[in-house]
Amino acid sequence: GFAVQSSREDCTPVVLPATATGPGNSIVVGDPDAPVTVDVYEDFQCPACGTLEELTGPTISELIDDGTIKVNYHIMSFLGPESVRAANAAAAAADEGKFKEFHDALFADQPAEHSGGYKNDELIEKGASVGLTSEAFVSAVRDGKFNGYVAQVDENASKDGVTATPTVIVNGKQLQGEQLEPEGFRKAVEEAAKD
């Protein structure tokens, strides 16, 4: 289910998507009992996040699927209204249990930063491409149902001291440089599993 609470910033209600059960209301993907926890802070408009997903996204998906890791996705939205629209739509996808499919589809077709991309109609179309066709999804995208939640994720990330995207943390340790590439990421996860 979801919880509704009042945001301290303004009157936008904070509606949590069903799978936003991780720290800082992050969206959890993978086996809850996986031995390694990865926190990923991303903005759908961020070019470096697009590169991370292109390069290391398949490795992350593989490790989720084989039960090695669970990922807490903190979807940030500090790059403008396009980011907010995409993050709101991703929350709507999460509410229907299709966050990862939608997340991957958005990054696979990432528009240039600040180019006015991720319009609601495009997001609805992208949703349909991964099986999100319900009236609930469409109206959540159009009405910005999760905008209060999106703002809260940014607020929580800033409390966590996250100042840039992508930020990737494995069992509490932030990854740098080559650790964000497939082999380095795999190695970091193996190390974390031993601890």
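Student: How many salt bridges does the structure hold?

Tutor: Side chains of opposite charge can pair when their charged atoms come close. In this predicted model, the structure holds seven salt bridges. One of them joins the side chains of Glu 62 and Arg 186, at 3.2 Å from N to O.

Student: Which parts does the pair of Glu 62 and Arg 186 tie together?

Tutor: Glu 62 belongs to helix α1 (residues 47–65) and Arg 186 to helix α7 (residues 182–194), so their contact ties together parts that are 124 residues apart in sequence. Glu 62 is partly exposed, with 41% relative accessibility. Arg 186 is likewise partly exposed, its relative accessible area being 22%.

Student: Where do Lys 100 and Asp 104 lie?

Tutor: Both residues lie in helix α3 (residues 99–108), four residues apart, which is about one turn of the helix.

Student: Is Lys 100 buried or exposed?

Tutor: The cut-off for buried is under 20% relative accessible area. Lys 100 has 13% relative accessibility and therefore counts as buried.

Student: Which residue does Asp 109 meet in a salt bridge?

Tutor: The side chain of Asp 109 meets that of Lys 126, at 3.0 Å from N to O. Asp 109 is in the loop between α3 and α4 (120–129), while Lys 126 is in helix α4, so this pair ties together parts 17 residues apart in sequence.

Note on methods. Residues numbered from 1 in each chain as written. Predicted model: local features only at pLDDT ≥ 70, side-chain atom pairs only at ≥ 80, totals over all residues. Heavy atoms only, no water. Salt bridge = Lys/Arg side-chain N within 4 Å of Asp/Glu carboxyl O. Helix = DSSP H or I, 4+ residues; strand = E, 2+ residues; numbered from the N terminus. Buried < 20%, exposed > 50% of the residue type's maximum accessible area, 1.4 Å probe, protein only.
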